[in-house]
Amino acid sequence: MQLEREIDDFVSYLTAERGYSPHTVRAYRSDLAALSRFAQSRGIHDAAQLTLDAYRDWLWTASQAGLSKATLARRSATAKSFSTWFTRANGQAIDAASRLRAPKPDRSLPRVLSRDAMDSVLDSLVARTHDGEPLALRDLAVVELLYASALRVSELVGIDTADLDLDRRTVRVLGKGSKERVVPFGQPAHLALVDYLHRGRPALAARSDESSGTRAVFLGARGARVGTRSVYGIVSRLLMDVPGSGPEGPHAFRHTAATHLLDGGADLRAVQEMLGHASLGTTQIYTHVTTERLRETYRQAHPRA
């Protein structure tokens, strides 16, 4: 079908010219595959036949099927990007999806640990490292670095040994859109990394079947680069009994680090640069977190609240 070929061309454009990550490209392809199935059911076989009403019907059908506002918003953005690309690539005068709208997703505040809760998590990890077990040393280094540098889990698992500068206490990471940045970390993370690199990583690397070894800093039980799923498992087990609502994943430490930085007086733009956010508006969610925490404290403590 012509539409499927056009979608393939668009996905190639996202990869080759826009430099989008494989994860982002998969999300676009998934949304457009759903659009293609809907279009085929309506007898539409070419992107040129997709009108604004057709796009709106697609989103309405998805909403009736129970898809969340966040998913609808993402699908709307995907459709608009595809339509804009198709319009320009084919020299058309009208971008059919330019006026497409979707409900704004409900914006929930991210999960943030208190400083006491964060200290408790780290203390529990330190206690597990006393016998030098390699995975325990790795887990401590993982969590210390996630919290110290506010990294995304994809950035953490992609770190190679050459990306670490232990003298300057910085790490080079590859963020969204293949954008590179250098992020600092503190003394506790430095100590955890040095201990892991000296005692834990060599023992894990020795378990690898790869004769050439691996450049990855963080290794799994079999000596290969640790995956995002493994890190999710590590973190979810740690946060299982920690008070608070929200997802029990590695992003909780990123949210926590950003919030603690702002609580400590860090400049919003400095936090934006550390997090690797393209837009300051994305970083501002953490000002809402600190404001909400202040409001909650006020309600609990002020006699006329």
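1. In what follows, a helix axis is a line fitted to C-alpha atoms over the stretch in contact, and the angle between two axes runs from 0 to 180 degrees between their N-to-C directions. The model under discussion is a predicted one. With that convention, helices α2 and α3 pack at an angle of about 105°, and their axes lie 11 Å apart. Since angles of 65 to 115 degrees count as roughly perpendicular, α2 and α3 are therefore described as roughly perpendicular to each other.

2. Helix α2 contributes Asp31, Ala34, Leu35 and Phe38, while α3 contributes Ala54, Tyr55, Asp57, Trp58 and Thr61. Sorted by class, the contact of α2 with α3 comprises 6 nonpolar, 1 polar and 2 charged residues.

3. Is Thr61 buried, exposed or partly exposed? Its relative accessible area is 31%, and because buried means under 20% and exposed means over 50%, Thr61 is classed as partly exposed. Apart from neighbours within four places in sequence, Thr61 is in contact with Phe38 and Arg42. Thr61 and Phe38 are 23 residues apart along the chain, and their C-alpha atoms are separated by 9.0 Å.

4. Helix α2 covers residues 22-41, which amounts to 20 residues. From its first C-alpha to its last, α2 reaches 29 Å, close to the 28 Å expected at 1.5 Å a residue. Which residues of α2 are buried? They are Val25, Tyr28, Asp31, Leu32, Ala34, Leu35, Ser36, Phe38 and Ala39. The elements that cover these buried residues include α1 (2-16), α3 (52-64) and α4 (69-89). Just after α2, Gly43 adopts a positive phi of about 75°.

5. Helix α4 can be reviewed in the same terms. Its 21 residues should span 30 Å at 1.5 Å a residue, and the C-alpha atoms at its ends are 30 Å apart, in agreement with that expectation. The buried residues of α4 are Thr71, Leu72, Arg75, Ser76, Thr78, Ala79, Phe82, Ser83, Trp85, Phe86 and Thr87. They pack against α1, α2 and α3. Just after α4, Gly91 has a positive phi of about 65°.

6. A further helix pair is formed by α6 (residues 134-149) and α10 (residues 251-263), which pack at an angle of about 40° with their axes 7 Å apart. That angle makes α6 oblique to α10. The crossing of α6 past α10 is right-handed.

7. Which residues of α6 and α10 meet? Val143, Leu146 and Tyr147 in α6 meet Phe253, Thr256, Ala257 and His260 in α10. By class, the contact of α6 with α10 has 5 nonpolar and 2 polar residues, with no charged residues.

8. Finally, some values for the chain as a whole. The protein chain contains 13 helices and 3 strands. Of its 305 residues, 42% are buried. Among contacts between residues at least 6 apart in sequence, 59% join residues at least 24 apart.

Terms used:
Residues numbered from 1 in each chain as written. Predicted model: local features only at pLDDT ≥ 70, side-chain atom pairs only at ≥ 80, totals over all residues. Heavy atoms only, no water. Helix = DSSP H or I, 4+ residues; strand = E, 2+ residues; numbered from the N terminus. Parallel < 35°, antiparallel > 145°, perpendicular 65-115°, else oblique. Left-handed = near helix turned anticlockwise from the far one by under 90°. Contact = heavy atoms within 4.5 Å. Nonpolar A, V, L, I, M, F, W, Y, C, P; charged D, E, K, R; others polar. Expected span 1.5 Å × (residues − 1). Buried < 20%, exposed > 50% of the residue type's maximum accessible area, 1.4 Å probe, protein only.
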